[in-house]
Amino acid sequence: MRGCPCLVALPYFCSMVIDIISVVPELLESPFSHSILQRAREKGLLNIRLHPLRQWAVNAYGQVDDYAFGGGAGMVLMCEPLVRAIEALSAEGAYDEVIYLTPDGERFDQQTANRLSLKGRLLMICGHYKGIDQRVRDGWVTMELSIGDYVLSGGELAAAVVADAIGRLLPGVLNDETSALTDSFQDNLLAPPVYTRPVDFRDRKVPDVLVSGDHKKIEEWRQEESLRRTKEKRPDLQG
Ligand code: ADE
């Protein structure tokens, strides 16, 4: 593994490889080092590798950015380090998608997560400052994703969101194999409410049907609640 010492090198038989190029890879260490994604990595189902862009810097000072032609505030990540990074990493095997995280990309959603979870090798590029040189987007990037209509200080948190949403869908990652199918958005429906013990908490009771033991009725109730919630909170999902 190149770069970040904190993510442990994992076996190459992993079902999915996600390589992430970043100027601040430290920002990405924690999201993949706990809970479900950590377990996925340990099981060899997901290999997330962080690659500090500065190892492909244009000079000994570690330069990877420069002023924007035409003026204006903010630096731009240069072509050369990015393309050298993409080429070096692609030499280990072609990528199914080279994804640039950017607020002007296509809106990331559950359908895109589903589609990407079927791929084998993904490369993500995190922008910083004013973004990356347009020529890299034109010539090397195959997909541009935004996680929402707001601007983050860099693409790292967006990459973490996308990698998490994809990683949890990989077969064997979730304990209950079917649980991803009942997530919100999987049928353009929000998930129904959930409860756990105690049945009565300060006079707030769990709906009777959920403790009835009648699985058919429970399923019907969940379906109705999903529809009701979706209508109330996200009517746009129903078209
Ligand atoms: N980089 C900065 N803001 C972003 C966003 N909203 N989505 C994806 N990448 C970003």
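Predicted model: local features only at pLDDT ≥ 70, side-chain atom pairs only at ≥ 80, totals over all residues.
**Ground rules.** I number residues from 1 along each chain as its sequence is written. Local features need pLDDT of at least 70, side-chain atom pairs count only at pLDDT 80 or more, totals for chains, interfaces and linings use all residues, and side-chain values use heavy atoms, with hydrogens and water left out.

**Sheet.** I looked up the strand order first. I found an open sheet of 5 strands, ordered β2-β1-β6-β5-β7, with parallel pairing. Strands here are DSSP runs of E with at least two residues, and helices are runs of H or I with at least four, both numbered from the N terminus. Two strands pair if DSSP finds at least two bridges between them. β2 (46-52) and β7 (143-146) are the edge strands, each pairing on one side only. From one strand to the next, the twist averages 30 degrees. Glu 97 stands opposite Leu 122 in β6.

**Helix on the sheet.** I noted that α5 packs on the sheet and touches β1 (16-22), β2, β5, β6 and β7. Contact means heavy atoms within 4.5 Å. The direction of α5 makes about 160 degrees with that of β6. Axes are lines fitted to C-alpha atoms, for helices over the stretch in contact; angles run from 0 to 180 degrees between N-to-C directions.

I checked the span of α5 (residues 156-167) next. Its 12 residues reach 16 Å from first C-alpha to last, close to the expected 16 Å. The expected value is 1.5 Å times one less than the number of residues.

Why is α5 largely enclosed by the rest of the structure? Because 9 of its 12 residues are buried. Buried means under 20% relative accessible area (1.4 Å probe, protein chains only). Among the buried residues are Glu 156, Val 162 and Ile 166.

**Ligand site.** I then looked up backbone N or O atoms against ligand nitrogen atoms. Ile 147 gives 3.0 Å, Tyr 150 gives 2.8 Å and Leu 152 gives 3.0 Å. A polar contact is a pair of N or O atoms within 3.5 Å.

**Ser 226.** I placed Ser 226 in helix α6 (residues 215-233). Ser 226 is buried, at 8% relative accessible area. Leaving out residues up to four places away in sequence, Ser 226 touches Leu 189, Leu 190, Ala 191 and Pro 192.

Key:
Buried < 20%, exposed > 50% of the residue type's maximum accessible area, 1.4 Å probe, protein only. Polar contact = N/O pair within 3.5 Å; in protein donor to acceptor, adjacent residues only side chain to side chain.
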